[in-house]
Amino acid sequence: MPIVAQSTETTDWVSRFADEVIEESERRAPGKPVVVASGLSPSGPIHLGNLREVMTPHLVADEIRRRGHTVRHLLSWDDYDRYRKVPVGIPGIDDSWAEHIGKPLTSVPAPKGSEHPNWAEHFKAAMVEALAELGVEYDGISQTEQYTSGVYRDQVLFAMKHRGDIDAILDQYRTKKGPAKKQQGQKPVDEAELEAAEGSGAAAEDDGSSAAGYYPYKPYCGQCEKDLTTVTSYDDETTELAYTCSACGFSETVRLSEFNRGKLVWKVDWPMRWAYEGVIFEPSGVDHSSPGSSFQVGGQIVGIFGGKQPIGPMYAFVGISGMAKMSSSKGGVPTPADALQIMEPQLLRWLYARRRPNQSFKIAFDQEIQRLYDEWDKLAGKVADGSVLPADAAAYARAVGTAAGELPRTPRPMPYRTLASVADITAGAEDQTLRILSELDPENPLASLDEARPRLDKAETWINTQVPAEERTVVRDEPDVDLLKSLDDQGRESLRLLQDGLERNWSLDGLTHLVYGVPKVQAGFPADATAKELPSEIKVAQRTFFALLYHLLVGRDTGPRLPTLLLAVGQDRVRKLLGA
């Protein structure tokens with residue numbers, strides 16, 4: 001049984017959009033499935049910013065499904081876009097790939113060593129797997145297949161017939177038509193959008209204008225396959241189209257009614273699809289929402305095709321802790337597959353569900369992931385005890401499952417920071433990992449590591465791939481004799497008190513109580529005294545004590561949480577390193 005999301009009375013953003021989409025769908029297409037849409041260009045690694053293009057309509061579609069409506073989430077793979085440039089940092093490619101610039105992405109060879117037939121399929125594959133793990137249900141549409149099979153032929157002929165009307169709309173937004181001066185440093189709208197469109201589904205292409213006139217269709221060359229072509233003439237009656245290629249000099253005349261090797265330019269292609277597919281809801285990135293952008297212009301052009309512009313929010317960029325805004329034309333940007341190596345799908349879904357689309361947010365690949373997991377586990381606790389706020393409950397429900405059911409989850413979700421610390425200390429040794437995790441709660445010991453998976457595996461991957469070597473924890477082999485000899489009476493007493501309490505406090509809670517209690521006892525207070533009952537000097541004494549333990553155990557000022565570290569090291573070795 002899936003966890004039920006909140007009703008339409010809930011104030012979360014997903015429910016509000018679901019209300020609007022259902023109402024709009026009933027007005028435009030009563031009795032038909034609700035259609036929402038996304039578009040992704042597999043021009044390179046499909047990053048976590050692109051994922052918002054899919055997650056926003058997915059969450060809305062899933063809420064509509066929960067209410068009993070039939071929904072189609074269309075995911076257009078813009079694999080018929082042109083190959084713009086050779087990305088930097090992609091393994092298995094070199095400068096020779098520059099010869100393919102201008103070809104459809106499906107005609108470009110995959111990177112060396114890939115098992116996929118072409119560039120587009122290579123970069124689609126990882127996203128397809130990630131969406132499956134995230135529980136995203138969609139109908140995938142290859143734009144290469146749509147165009148080359150002639151599915152859009154009538155729409156292409158219609159656009160060419162009405163090219164004058166389309167040109168008149170585009171002319172309202174062209175930046176080079178008048179003598180008006182632009183502000184210093186300001187880029188023309190089209191140029192700025194083409195830069196921002198990188199990886200967002202909008203290929204870098206002209207709008208169809210040329211000295212020979214305006215034509216909204218761009219052929220791929222019959223000889224070199226590139227789109228560096230110019231339409232020189234077109235006859236509406238015979239559909240004869242003539243073009244020349246500036247890349248190889250090839251020219252030919254074809255009948256567009258029989259020709260399937262080309263596509264509509266982006267600002268016409270997008271609204272054509274809205275009308276053809278009957279899209280009710282589709283979000284757009286901030287790069288598509290500026291004056292003269294694809295979304296604004298498309299809102300006018302779609303009427304030529306007899307359709308209406310979808311409703312949908314502008315969504316903000318997604319960042320990574322410590323990194324600038326992502327661009328899929330470059331290698332090294334984190335993808336959903338990368339994120340799912342270090343976090344469970346529930347957490348990743350939650351990050352997109354809890355923020356309104358117009359709110360930017362960051363996804364943590366650094367230490368911040370531990371805080372995010374703490375926040376997530378705290379939310380789960382509130383859901384369990386009924387103290388959660390309605391909007392937070394809705395976001396949680398959308399994160400842990402879909403209308404089809406709950407996503408697979410970790411049976412015993414131990415704190416991520418604890419699992420990471422254990423993985424750090426044990427270097428992946430399963431017997432030691434099981435010993436330590438079993439001792440966290442002696443009254444309910446872990447029977448198998450499978451109970452802590454997949455969260456344990458995610459934490460271990462995070463330690464091995466995201467934590468610098470100099471920050472990894474290495475437990476001492478031998479005691480720091482010089483440091484032990486230099487201790488004063490108070491220092492030696494603190495170590496004695498700790499060792500005296502190890503055996504009877506050997507659990508996560510017990511050791512937490514013990515390490516915080518030693519400085520209190522030394523100052524004449526009960527070990528269980530609260531912060532309100534203690535002078536501020538106790539905190540200073542605790543920090544001094546903790547630093548001493550870290551130096552004696554791992555040779556640094558800091559490290560994993562001390563209770564976890566003590567459990568990992570084991571009683572005998574702790575006593576040895578503390579100079580028993």
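Aromatic pairs first: the structure holds 21 of them. Here rings of Phe, Tyr and Trp (its six-membered ring) pair if their centres lie within 6.5 Å, and planes under 30 degrees apart count as stacked, over 60 as edge-to-face and the rest as tilted. One of the pairs joins phenylalanine 545 and phenylalanine 546, with the centres 6.3 Å apart and 45° between the planes, so this pair is tilted by the definition. Phenylalanine 545 and phenylalanine 546 are both buried. Buried means under 20% relative accessible area, exposed means over 50%, and partly exposed is in between, with a 1.4 Å probe and protein chains only. Elsewhere, Tyr80, Tyr147, Tyr152, Tyr220 and Tyr276 are linked by ring pairs into a cluster.

Before going on, a word on the source: this is a predicted model, in which local features need pLDDT of at least 70 and side-chain atom pairs count only at pLDDT 80 or more, while totals for chains, interfaces and linings use all residues. Residues are numbered from 1 along each chain as its sequence is written, and side-chain values use heavy atoms, with hydrogens and water left out.

One more ring. Arginine 354 lies over the face of tryptophan 350, at 4.2 Å from the ring centre. The rule for that is NZ of Lys or CZ of Arg within 6 Å of the ring centre and within 35 degrees of the ring normal.

Next, the core. A nonpolar core is a set of buried Ala, Val, Leu, Ile, Met, Phe, Trp, Tyr and Cys residues joined through side-chain atoms within 4.5 Å. The largest one has 101 residues, and Met343, Leu348 and Ile363 touch the most other members. What does isoleucine 363 touch, not counting residues up to four places away in sequence? The list is Leu48, Val318, Gly319, Ile320, Ser321, Met343, Leu348, Leu351 and Tyr352; contact means heavy atoms within 4.5 Å. There is also a second, separate core of 29 residues, which includes Val156, Met160, Ile166 and Tyr243.

Cysteines. The count of disulfides is zero, taking a disulfide as a pair of cysteine sulfur atoms within 2.5 Å. Cysteine 221 is in no disulfide, and the nearest cysteine sulfur, that of cysteine 248, is 3.6 Å away. Cysteine 221 is buried at 1% relative accessibility, whereas cysteine 248 is partly exposed at 31%.

Salt bridges come to 42, each being a side-chain nitrogen of Lys or Arg within 4 Å of a carboxyl oxygen of Asp or Glu. I will take a few.

Arginine 455 forms one with aspartate 377, with the closest N and O atoms 2.9 Å apart. This pair links distant parts of the chain, 78 residues apart: arginine 455 is in helix 16 (residues 455-466) and aspartate 377 in helix 12 (residues 368-385). Helices (H or I, at least four residues) and strands (E, at least two) are DSSP runs, numbered from the N terminus. Arginine 455 is buried, at 2% relative accessible area, and aspartate 377 is partly exposed, at 23%.

Arginine 435 and glutamate 439 also meet in a salt bridge, 3.2 Å from N to O. Both lie in helix 15 (residues 430-440), four residues apart, about one turn of the helix. Arginine 435 is partly exposed at 25%, and glutamate 439 is partly exposed at 21%. There is a network of salt bridges as well, linking Asp12, Asp19, Glu63, Arg67 and Arg398.

Staying with helix 15: Thr433, Ile436, Leu437, Ser438 and Leu440 are buried there. The buried residues of helix 15 pack against helix 14 (416-426), helix 16, helix 19 and helix 21 (562-569).

Last, the backbone. Most residues other than glycine have a negative phi, and most peptide bonds are trans. Which peptide bond is cis? The one from arginine 453 to proline 454, with omega near 10°. Proline 454 lies in the loop between helix 15 and helix 16. Alanine 427 has a positive phi, near 55°. Alanine 427 sits in the loop between helix 14 and helix 15 and is exposed, at 65%. Glutamate 225 also has a positive phi, of about 75°. Glutamate 225 is in the loop between strand 6 (217-219) and strand 7 (229-234), and is partly exposed at 33%.
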